[in-house]
Amino acid sequence: PGHGGEDGGCSSEAGLLEKDLNLSISADVCAILNAAGYPTVMTRTEDTLLYDMYQDRNDYKGYKKIYDLKNRMRFTQETQAKYFVSIHMNKFTDPKYSGLQVYYSPNDAGSMRMADMIQKYVQKYIQPENDRQTKASTKGIYLLHRMNIPAVLVECGFLSNSEEAELLADASYRKTLSLGIACAIMEYCAGSSADG
């Protein structure tokens with residue numbers, strides 16, 4: 001789950017915080033995957049940033065965001081993760097935009113396949129009007145730029161779109177979205193295992 005603690009991420013007009021939605025969806029995705037036999041760990045399970053996870057510094061003033069990102073990377077490496085999925089929310093100045101969109105790491109060919117699977121699965125079963133395409137990340141997405149395993153960032157919707165924000169505020173919709181993301185990940189993992 002992206003953001004956390006003092007970093008709320010973006011917010012809706014009604015005050016819905018990205019960090020809370022990210023944690024909710026991530027926890028559901030994780031629970032579904034674990035129940036299906038796919039061992040899954042989350043970088044955070046509480047409302048916190050991870051800058052002091054390894055206590056590398058005495059003072060993090062001015063360093064919180066970069067250490068949060070570095071520690072997410074370090075945690076992923078230490079757990080020997082085979083895949084990395086980051087859950088986020090989107091926001092844009094024009095409120096007309098909506099829909100889930102997935103970014104992928106250009107460093108591993110599996111990243112694009114996983115992103116396409118998540119995007120297509122959600123389009124088919126949850127958001128049939130969603131015509132967004134997956135996109136390769138740039139160096140602006142710190143973790144995807146540095147990951148060497150299949151890695152994606154899922155922007156689950158636009159908090160700047162009032163209708164979508166209202167949907168995301170609903171726990172049952174978030175569970176449906178989580179199920180779609182988890183099913184796509186399982187399908188990707190099954191295909192990857194078959195490929196060797």
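Hi everyone, a word on conventions before we look around. The model is predicted, so local features need pLDDT of at least 70, side-chain atom pairs count only at pLDDT 80 or more, and totals for chains, interfaces and linings use all residues. Residues are numbered from 1 along each chain as its sequence is written, and side-chain values use heavy atoms, with hydrogens and water left out.

Let's start with the overall picture. The protein chain has six helices and four strands; these are DSSP runs numbered from the N terminus, H or I of at least four residues for helices and E of at least two for strands. Reading from the N terminus, the order is α-α-β-β-α-β-α-β-α-α. The C-alpha trace spans about 50 × 45 × 30 Å along its principal axes. The radius of gyration is 16 Å, in agreement with the value near 16 Å for a compact globule of 196 residues. That radius is taken over C-alpha atoms, and the globule rule is 2.2 Å times the number of residues to the power 0.38.

How much of the chain is buried? Buried residues make up 49% of the 196, where buried means under 20% relative accessible area, exposed means over 50%, and partly exposed lies in between (1.4 Å probe, protein chains only). As for contacts, meaning heavy atoms within 4.5 Å, take those between residues at least 6 apart in sequence: 72% of them join residues at least 24 apart.

The rule is a side-chain nitrogen of Lys or Arg within 4 Å of a carboxyl oxygen of Asp or Glu, and it gives seven of them. One of these joins Asp7 and Lys65, at 2.9 Å from N to O. The partners are 58 residues apart, with Asp7 in the segment before α1 (18-35) and Lys65 in helix α2 (residues 64-78). Asp7 is buried at 17% relative accessible area, while Lys65 is partly exposed at 40%.

Another bridge pairs Asp47 with Lys19, their closest N and O atoms being 3.0 Å apart. Here too distant parts of the chain are linked: Asp47 sits in the loop between α1 and α2, and Lys19 in helix α1, 28 residues apart.

Within helix α2, Arg72 and Asp68 lie four residues apart, about one turn of the helix. They form a salt bridge too, with the closest N and O atoms 2.9 Å apart. Arg72 is buried at 5%, and Asp68 is buried at 1%. Then there is a network of salt bridges linking Asp56, Arg74 and Glu78.

Last stop: Thr134, in the loop between α3 (109-125) and β3 (135-136). Which side chain does the Thr134 side chain meet in a polar contact? The partner is Asp116, at 2.6 Å. A polar contact is a pair of N or O atoms within 3.5 Å; within protein, one must be able to donate a hydrogen and the other to accept it, and residues adjacent in sequence count only if both atoms are side-chain atoms. Thr134 is buried, at 16% relative accessible area. Leaving aside neighbours within four places in sequence, Thr134 is in contact with Val102, Tyr104, Ala115, Asp116 and Gln119.
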